[in-house]
Structures are given as C-alpha cells and as structure tokens.
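Thank you all for coming; I would like to walk you slowly through one structure, staying with a pair of helices and the loops around them. Please have a look at the sequence and the model first.

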Amino acid sequence: MTMNSTGRPTTPTLVSSNEATTTVSGSRGLQQREDLIFEIGTPDTTGVDLPAPKGRVNRLGGVARKQPTGLPGLSEPEAMRHYVRLSQKNYAIDLGLFPLGSCTMKHNPRLNEKAARMAGFADIHPMQPQATIQGALELIDELATWLKTLTGLPAVAMSPKAGAHGELCGMLAIRQALIARGEGDTRKRVLVPASAHGTNPATAVQCGFKVDEIKADARGRVDMEDFRAKLEDPSDIAGIMLTNPNTCGLFETDIKDIADAIHEAGGYFYCDGANFNAIVGRVRPGDLGVDAMHINLHKTFSTPHGGGGPGSGPTVLSERLAPFAPLPFIVSGEDGFELVEDAVGEGAQSFGRMCAFHGQMGMFVRALTYMLSHGTDGLKQVAEDAVLNANYVQARLKGVMTPAFDGYCMHEALFSDKFAAEGIETLDIAKALIDEGYHPMTVYFPLVVHGAMLIEPTETESKAELDRFCDALEAVAKRAAAGDQTMKGAPYLAPMKRLDETQAARKPVLKWTAPQPETVAAE
Ligand SMILES: *Cc1c(COP(=O)(O)O)cnc(C)c1O
C-alpha cells in the first residue's frame, strides 16, 4: 500500500509476472486510477474567481443556507480530466465492436445526432400549443407510418419509452381487449417460452397474468408438442409472448402455426420485437399473425442505448387491438396534426396513458433519419448484413467453440461452454476477453443453453473488424480449451480486476466510507 500526495491510499497496479499480460489484440492499459470527485476535490477550490458582489441583500429570509454545502471544488482542467478519465474506463460502441447479444449495439450514425440537435426538434416543449409544433408532430406521424409499413400492422403506439415499456403497452392493450370482451377475469394465462427475455414474464405478471412456460425443443425453438398440450383447455388463455427471431438467434419456423393456434384458442399474439434487426425489410410481423409488437428504436434503428440516451419502444398493434392503444396519439385533420389526449371519441376505448407526453422525441428524430438515409432497400440490406455477419462469426469460431445449435443462425451466434476445459467457465472467458480490449458478449443468457455466450456483431461491422474480434476470442477460447488457469484471475489489464459479482449483488455497499490506510481495499 502506498500513499499519494494527499495522503490517500493508492492501490498498487503492478501485475505479477505469472499473470497473463500478453494479448492477441495488442490491448494495453494507458489509464490512471481515478478517485471519486469528492476525494480529489476540496470545498475551497473553485474554478471561478469572481469577487463576492458588494452590497448584496439576502432575499432568502429564514431559509438561507447556514453552512457551506461542501461540494468538491476542482479547477477546470482537473474537472475536465476527471470526467474524461472516467469516460475512458467505459467501453463504448465508438471504441470498438460491442458483441452483446440481444442488445443490437450498432454504430450510431452522426447524421442522426445532427438532425436530433436541430432547434426545431431539440428546443421545443411538449406543452407548447400544437399549432407551433406541427413539424414535430408530422415527424412522429411519418415515423409511425414507416413502422406500420415495415411491420405490416395498422396502428402504432409511439409513447413507450423502452422495449420493456412497449411490452407493458402491448399487454395492457391485450388486457383491455379481454375486458371489453367480458373475459378480463377468466383469461389470465400467458404462454412464454423458456428462452424468453426476463422482461416478458415480468411484464405478464405486472399486468395481472399468470405465466405458463413452454419448453424449448432440441432445435432451440418452441416445443410444439408442449405448446399444443398447453392449449388443450383454452378457456383461460389470454395469449402468448414470443420472440422472433428468438433469443437463441433462431427463426421460429412454426410461427404461423403458433399464431393460428393461439387465435383459435381465443388469445392474442404478443411478439417481442427486440430482434427485429434480423428481419427488418424482409419479414412483416403482421403477415405472421402478430397482434402486438414493440420495436426497440435503440436496437434496430440505431438510436443510442442506456447511458448514451434514453430508449424508445413504439408498439405496433393489429386492428383488433388498435382501439385500446394508449393516449395520446396523433391524428391528421383539417387543421393539420392533432393529438387525441382524452378517452373520448376516437380514444374512448384506450387503456389510458403510459407516460406524461408523446414519447422520446430525440429518438424519433434519430430513428427516422436512419430510415430515410437507408431507404427501403437499405433497411432490407441491414437485416441481410446483420445475419451474414453473425454467420461469419459463427463459422469462424465453430472450430474452437461449440455452437449451441446446428445450422445457420439469424443475427446472433450462440455458443455453449462445452469446449472449455474442466474448471474454466463462461465467466472466465468473458473476463479474459476484457483483457483483449473488448466488452464481453452476453453470457449465461438464454438460460436454455449451458454457459451460454451470445454474440451479436450487427451489420455495422466490417469484415476486418469481425476478424480482429474473432482473432481475440479465438485465442481466448483456445486458452479455455487448454484449461489455462490464469484465466480465473482475468481481467488483469482493466482498471478493476475480478470483482466478486455475487457479493456485489447480494451485499451491495451503497455508502462510501473513507479507505483505511492499514487495510487493502478489496477490488
Ligand atoms: C432488449 C430486449 C428487451 C427489453 O428492451 P429494453 O429496451 O431494454 O427495455 C426485451 N426483449 C428482448 C429479447 C430484448 O433483447
């Protein structure tokens, strides 16, 4: 343990000689330890040197602050460096290929960003008079037209703010439709395949439904025998939530039969459209019998994810569900575009509101920009290239890793941990990949595959980038197959080494306490 000039302990960063420090990708750390801002700042440092105003009259009365707040002070370059250093500790799509399966981490074109920053879109307020935001409403309406056309469904709710929020929208519409049919209390069972994303069962339960899990078959698809058995007594069936292509990266080849059977049973077909990137421009979910489907604009249509920006999950609806769509929605009338905000007239059967306003305007601008810059032929190519890239990755790695299922995949390649030697786990492979300078792939999901590793390269990667990534993963996979025990300590080159993730989840330390100089902080 050493101390820095401010007397705070610093963690030694040297790696011992037996640790793996050679990487295939040439990854090397060039990063300094960064303390928390209130550890490096002092309350009496300020980036501003204006003199205190003379003759100031305090108008705050009895609520004036009696003590300084103790906010950390830093000079401008110190503040700048603090945040830039923190940002360097983050992996980002602008730094390299982001292989997270199911997440569709594609490049965010800068043209989208330019359009989203135009004052007419960026500087308006949702409570402005509608006559002053006609352009914005027109843009939402045009994006809605694209989404309806691409999915072959007649209506779309634009306000959901993420994929999971879109699921909630679709399932609330289904619940409302069942209530309107007088079957709201009897039809409570929702079928969900074992491979489903966790948000699917969570959404169903949130809407008051009971989840009934369908088995996966040996081909990684819905087990049709199990599915049909669940429909033997259809009286309580509300519907099914199915992902297509599914989370194993495979097209559900029986989807038409599934749709027909669920409709015959009196239920609705919710499709999780998070994987729309694999089929956009090629398949219209409406043609497959889908009643409701969310579209993650932040996946298929290149808007940033999470910390890079809010999500957006517009939800397309079939004719049967359209009357129950949430408020508000846009209609075009004689005086231009208007918002239907109340549950009267056209909105009379709506299930209500999902959020205060109309949805994520900035994401709408980005998504429409992406669509217009690709055109319909370009969007079709998006799906084709996404599937081609995933199959390239699968083909390049199948000699050293174990594909979970036979045959071609759709937009993501799924491997099991079978190829790894005894004692080496998926987690070790993921951590070793960090030392190669890559964010790990999705691990341990879907649950139906042992030690699953799900890789989605997206269409925005070139062959050269795919090769660079495959070289790195191939080398890691070979070490795993050889039982290289140094992998158990990876990552060695990351700012933080192996974390105890179980402890972190079970016993999170939510309050900062000053490090004690005598004890070495556990990383
Ligand atoms: C991403 C994803 C979701 C949830 O979408 P969010 O926008 O993260 O809420 C649901 N289902 C699948 C299959 C997904 O990949």
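This is a predicted model: local features need pLDDT of at least 70, side-chain atom pairs count only at pLDDT 80 or more; totals for chains, interfaces and linings use all residues.

Let me begin with helix α11, which passes helix α13 in a right-handed crossing, where right-handed means that the near helix is turned clockwise from the far one by less than a right angle, and left-handed that it is turned anticlockwise. Residues are numbered from 1 along each chain as its sequence is written, and side-chain values use heavy atoms, with hydrogens and water left out.

Helix α11 covers residues 361-397 and helix α13 residues 463-482, and the two pack at an angle of about 35° with their axes 10 Å apart. The axes are lines fitted to C-alpha atoms, for helices over the stretch in contact, and angles run from 0 to 180 degrees between N-to-C directions; helices (H or I, at least four residues) and strands (E, at least two) are DSSP runs, numbered from the N terminus.

Which residues in α11 meet α13? They are Asn389, Tyr392, Val393, Arg396 and Leu397, and on the α13 side they meet Lys463, Leu466, Asp467, Cys470, Asp471, Leu473 and Glu474, with contact meaning heavy atoms within 4.5 Å.

Staying with α13, its buried residues include Leu466, Phe469, Cys470, Leu473 and Val476, buried being under 20% relative accessible area, exposed over 50%, and partly exposed in between, with a 1.4 Å probe and protein chains only. The buried residues of α13 pack against α11, α12 (426-435) and β15 (453-455). Just after α13, Gly483 takes a positive phi of about 75°.

Now to the α11 side again, where Asn389 is found in the helix and is buried, with a relative accessible area of 9%. Not counting residues up to four places away in sequence, Asn389 touches Pro457, Thr458, Glu459, Glu461 and Leu466. Of these, Thr458 lies in the loop between β15 and α13, is buried at 0% relative accessibility, and has a phi near 70°, a positive value in a residue other than glycine.

As background, most residues other than glycine have a negative phi, and most peptide bonds are trans. As for cis peptide bonds, one joins Asn244 and Pro245, with omega about -5°, and another runs from Ala490 to Pro491, with omega near 5°; Pro491 lies in the loop between α13 and α14 (501-506).

Finally, a search of the whole structure finds 0 disulfides, a disulfide being a pair of cysteine sulfur atoms within 2.5 Å. Cys470 is in no disulfide, and the nearest cysteine sulfur, that of Cys409, is 12 Å away; Cys470 is buried, with a relative accessible area of 0%.
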